[in-house]
Amino acid sequence: MKRNSIAVFVSNDEVPSNGDALYPFKQNSDLYWLSGVNQEDSMVILFPDNPDPKYREVLVLVRPNELKEKWDGKRLRRQEAISLTGIQTIVWLDSIDPLLQTWIHLADTIYLDTNENDRKGSFVKTREYRFIDEMKNRYPLHNYERAARILKDLRGIKTEFEIVVTQKAVDITKDAFTRVMKFIEPGVWEYEVHAEIIHEFVSQRSDGEAYGSIIASGDRARTLHYVSNNQQCLDGELILMDFGATYGGYNADLTRTIPVNGKFTRRQKTVYNACLHLHDYAKSLLKPGISIVDYTEKVGEEATQQFLKIGLLKKSDVKNEDPENRAYRKYLYHGISHHLGIDVHDLGTRTEPIKAGMLFTVEPGIYIEEEQMGVRIENNLWITRNGNKDLFKEIPITVEDIETIMK
């Protein structure tokens, strides 16, 4: 932060659905990363140069209300909040305005937060954007800066402590995968598989699903974000499952593709092993110094060779390909990796070199419309100084291991 500046982070909205119902509350990821507080109507205020040391770190919480708690449950007390966050100064929301005005008048620069995830596609004016408008209307002559640029760098590098929590989410996800491998057989429905996954998550005190689980049997596996999960799994089909547990606010993200009847056909095995080859090749590249752009380009080159080998492409397809839409993209039409953390598509650079401490998915896929088949294999890798650590290394991934467990 610049000298004599203050940063203010506000919690997310409680979002209404229909009638008097609300969607499940999801905390602002930056505020959660800074504090660990998962409660509505919260604020984190940082003012390192405040003349009064007591107010250099402040956590703002809604004052506990006995009547509201009878309906919605207990809210944090002062000492609980101090113990949870390490922030020593707790201010109730209904008394923050005069204090905040004093601090703002002492500061030259105000850092405010925005959701700057590249994948954000919503134009709904969320609480943080309304707060920006409010602050600029009240204090038009201050300098304003984007807190998101700083948080992007900070959150992009995971500490060992963050990986410990992520590994717990991974381990729960592993148990869910083992459970469904023993459960799946011809005739089961996708939603039944989904239910087995959620059962395993909740029974291990997971916070739930990291995202809407994808349980896609047969040709539905070619739909990248298929979440209907309402069709029957048939003998001879592959079933693509993309799911992950969330634990302590951190997410796992696993994809496995397995045969509904427990045995890959020769062609399914060929395509699966080609995808596994791409998965292993991508893992070998993902280390400090390479950019996601270069990394994706190299995986694309290898995908081209694999697709030639298994008969998806002809040499003439490659020779005549459009450089802006390469031939392999017909069968692999998504990115290979994304940052992972508190958000499933977490903050982090896509153009600068990868750094030690970053956490990525590795998830190549092969989607063949003519054969009504989709295969994707995904693990989560923590980048270290010397390469990477596969958090999913204990989870079955080979044809032989999968068939053995399903048998």
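Asn388 is placed in strand E17, which spans residues 387-390; strands (E, at least two residues) and helices (H or I, at least four residues) are DSSP runs, numbered from the N terminus. The structure is a predicted model, in which local features need pLDDT of at least 70 and side-chain atom pairs count only at pLDDT 80 or more, whereas totals for chains, interfaces and linings use all residues. Residues are numbered from 1 along each chain as its sequence is written, and side-chain values use heavy atoms, with hydrogens and water left out.

Asn388 counts as partly exposed because its relative accessibility is 27%, a class that lies between buried (under 20% relative accessible area) and exposed (over 50%), computed with a 1.4 Å probe on protein chains only. Apart from neighbours within four places in sequence, Asn388 is in contact with Lys283, Leu286, Leu381, Trp382 and Ile383, contact being taken as heavy atoms within 4.5 Å. Leu286 and Asn388 are separated by 102 residues in sequence, yet their C-alpha atoms are 7.0 Å apart in space.

Helix H7 (residues 160-183) and helix H8 (residues 190-203) have axes that come within 9 Å and cross at roughly 145°; axes are lines fitted to C-alpha atoms, for helices over the stretch in contact, and angles run from 0 to 180 degrees between N-to-C directions. On the H7 side, the residues that meet H8 include Ile172, Ala176, Val180 and Phe183, and their counterparts in H8 include Val193, Ile197 and Phe201. The residues of this contact divide into 7 nonpolar, 2 polar and 5 charged, where Ala, Val, Leu, Ile, Met, Phe, Trp, Tyr, Cys and Pro count as nonpolar, Asp, Glu, Lys and Arg as charged, and the others, Gly among them, as polar.

The largest pocket holds about 1400 Å³ of space. A pocket is an open set of points on a 1 Å grid over the protein atoms alone, where a 1.4 Å probe fits, with protein on both sides within 12 Å along at least five of seven lines, and lining residues have an atom within 4 Å of a point; the volume is the space filled by probe spheres set on the points, which are joined across faces, edges and corners. Its lining comprises 42 residues, with Asn12, Lys26, Gln27, Ser29 and Asp343 nearest the centre, and divides into 14 nonpolar, 15 polar and 13 charged residues. Helices H1 (29-35), H5 (127-138) and H6 (147-156) each supply at least two lining residues, and H1 gives the most, with 3.
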